[in-house]
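Let's take a walk through a protein fold together.

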Amino acid sequence: MAKAFARKRGRIVGRMHASEVEVVVQLLQQTRDFVAPTRAETGDPLMDLIAGMGESDTAPMEPEDPALRRLLPSAHRSDKDQAAEFRSLTEHSLRQRKARNLDAAIAALGEAEGTKITLDNAQAQALAIALTDVRLVLGERLDLR
C-alpha cells in the first residue's frame, strides 16, 4: 500500500507497492499517448516552431474530446478567432511539454528500488504535474465535477 511522500535529506521519498506503481505508470503512459503532439518533431527547436506556422489547413482546432479540452483549454471563450490563432501558435509546444513531463514522471517511477520511490525536486514536480494531467483526464472520463 502506498505511503505518504515526505522530504528526507533533500529528496522526496515514498513507498508504493509494485502493482500500484504499475497502474500509475500505465495511466501516465496512456495520458502521454493521448496528449502527445500529432506532428512529428524534427529535433531542431526552431524548425519545429516554424513547421506549424502558416499551415491554415492543418491548424489545430479545439478538440472535440472533452478530456483533451480539459488538458488543452481554449485561450479565449468568447472570441473563436482569437482562440484559434492562439491555439495554432501554442498547441504543439504545449503538447510537447506535457508529453516530456509525462515521460519524466514515468522515468522517475521506473527508477524505484523495490517499494521505495526516491525523487529529486525536478522529478517530484514532474510527477505532481503529470498526476494532475491524469486526474483531469480521469475526472472527465468519469464525469466528476
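We'll start with the sheet and then move on to a pair of helices. Keep in mind that what you're looking at is a predicted model.

Find the strands first. There's an open sheet of 3 strands, laid out in the order S1-S2-S3, and the pairing is antiparallel. Now look at the edges: strand S1 (3-8) and strand S3 (116-119) sit there, and each has a single partner strand, so one side of each has no neighbour in the sheet.

Zoom in on S2 (residues 11-15) and S3. These two strands run antiparallel and are joined by 4 bridges.

Next, the helices. Pick out helix H1 (residues 18-35) and helix H4 (residues 80-110): their axes come within 9 Å and cross at roughly 165 degrees. Angles over 145 degrees count as roughly antiparallel, and H1 and H4 are therefore roughly antiparallel to each other. The crossing of H1 past H4 is left-handed.

So what touches what here? On the H1 side, the contact includes Val-21, Val-24, Leu-28, Arg-32 and Phe-34. On the H4 side, you'll find residues including Arg-95, Ala-99, Leu-102, Asp-103 and Ile-106. Sorted by class, the contact of H1 with H4 has 11 nonpolar, 2 polar and 4 charged residues.

Definitions and conventions. Residues are numbered from 1 along each chain as its sequence is written. This is a predicted model: local features need pLDDT of at least 70, side-chain atom pairs count only at pLDDT 80 or more; totals for chains, interfaces and linings use all residues. Side-chain values use heavy atoms; hydrogens and water are left out. Two strands pair if DSSP finds at least two bridges between them. Axes are lines fitted to C-alpha atoms, for helices over the stretch in contact, and angles run from 0 to 180 degrees between N-to-C directions. Angles under 35 degrees count as roughly parallel, over 145 as roughly antiparallel, 65 to 115 as roughly perpendicular and the rest as oblique. A crossing is left-handed if the near helix is turned anticlockwise from the far one by less than a right angle, and right-handed if clockwise. Contact means heavy atoms within 4.5 Å. Ala, Val, Leu, Ile, Met, Phe, Trp, Tyr, Cys and Pro count as nonpolar, Asp, Glu, Lys and Arg as charged, and the others, Gly among them, as polar.
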